[in-house]
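Reader: I am new to this structure. Could you take me through it, please?

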Amino acid sequence: MLIFKMRERGEVRKLIAISSVLLMAAFAASSAYAVQPDEIMSDPLKESRARDLSRELRCMVCQNQSIDDSDAPLARDLRLLVRERIAAGDSDAQVIDFLVARYGEFVLLKPRLEPHTLLLWLLPPLALAGGGIVLWVHGRRRAKSAGHDRLTSEEEARLEQLIAAEPRDKPI
């Protein structure tokens with residue numbers, strides 16, 4: 001009933017336009033970075049380094065977001081710490097090493113390839129290879145058993161006899 005009244009007054013187009021704008025705003029907001037204007041460094045090269053490092057570091061509150069994407073207060077503190085270390089003259093590796101020493105390997109979104117993370121890095125390819133081997137073995141077994149599904153010549157002869165002996169006047 002409400003839609004019909006709105007149609008009479010020409011408000012349906014307004015409703016569609018407003019809905020479209022709100023939907024676009026919602027999608028645009030989800031891809032925005034959480035870096036605040038007061039965090040941005042004056043040197044564009046250093047800011048670019050800080051942003052690149054921020055994309056590699058995990059927000060420990062959000063856990064599956066980088067600190068570059070997170071609005072959490074801890075992520076802001078980490079972004080400021082990264083910028084502070086860069087301003088002090090640290091290299092990217094030194095900044096990462098400092099944060100790992102302070103917060104542990106969990107702060108890295110992409111863990112380093114080290115002896116204690118070897119299983120983490122090798123498990124996906126090993127699982128994929130294992131699945132491939134299982135599928136290959138299953139396919140070979142099915143191919144072998146497909147040959148055993150055929151009737152022997154004696155069974156075929158017996159089947160022909162049974163079919164020939166069956167009366168033909170029965171409806172199917």
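Reader: What should I know about the model, and what pLDDT does the protein chain average?
Author: This is a predicted model. The protein chain averages a pLDDT of 82, and 84% of the residues score at least 70.

Reader: Which element has the lowest mean pLDDT?
Author: Among the elements of the protein chain, helix H1 (residues 2–9) has the lowest mean pLDDT, 56. The highest mean, 92, belongs to H5.

Reader: How many helices and strands are there?
Author: The protein chain has seven helices and zero strands. Along the sequence, the pattern reads α-α-α-α-α-α-α.

Reader: How much of the protein chain is buried?
Author: Of the 172 residues in the protein chain, 19% are buried.

Reader: Where is Leu113 found?
Author: Leu113 lies in the loop between helix H5 (92–103) and helix H6 (118–148).

Reader: Is Leu113 buried or exposed, and why?
Author: Leu113 counts as exposed because its relative accessibility is 62%, and exposed means over 50%.

Reader: Which residues form the negative patch?
Author: The negative surface patch is formed by Glu154, Glu155, Glu156 and Glu160.

Reader: Where does Glu160 sit, and is Glu160 buried or exposed?
Author: Glu160 is placed in helix H7 (residues 153–165). Glu160 has 52% relative accessibility, so Glu160 counts as exposed.

Conventions:
Residues are numbered from 1 along each chain as its sequence is written. This is a predicted model: local features need pLDDT of at least 70, side-chain atom pairs count only at pLDDT 80 or more; totals for chains, interfaces and linings use all residues. Side-chain values use heavy atoms; hydrogens and water are left out. Patches are made of residues with over 30% relative accessible area and no salt bridge: like charges are joined within 9 Å, nonpolar side chains (Val, Leu, Ile, Met, Phe, Trp, Tyr) within 5 Å. Accessible areas come from the Shrake-Rupley method with a 1.4 Å probe; for residues, only the protein chains shown count as cover. A salt bridge is a side-chain nitrogen of Lys or Arg within 4 Å of a carboxyl oxygen of Asp or Glu. Lys and Arg count as positive and Asp and Glu as negative; His and the chain ends are not counted. The place of a charge is taken as NZ of Lys, CZ of Arg, CG of Asp or CD of Glu. Helices (H or I, at least four residues) and strands (E, at least two) are DSSP runs, numbered from the N terminus. Buried means under 20% relative accessible area, exposed over 50%, partly exposed in between (1.4 Å probe, protein chains only). pLDDT is the predictor's confidence in each residue, from 0 to 100.
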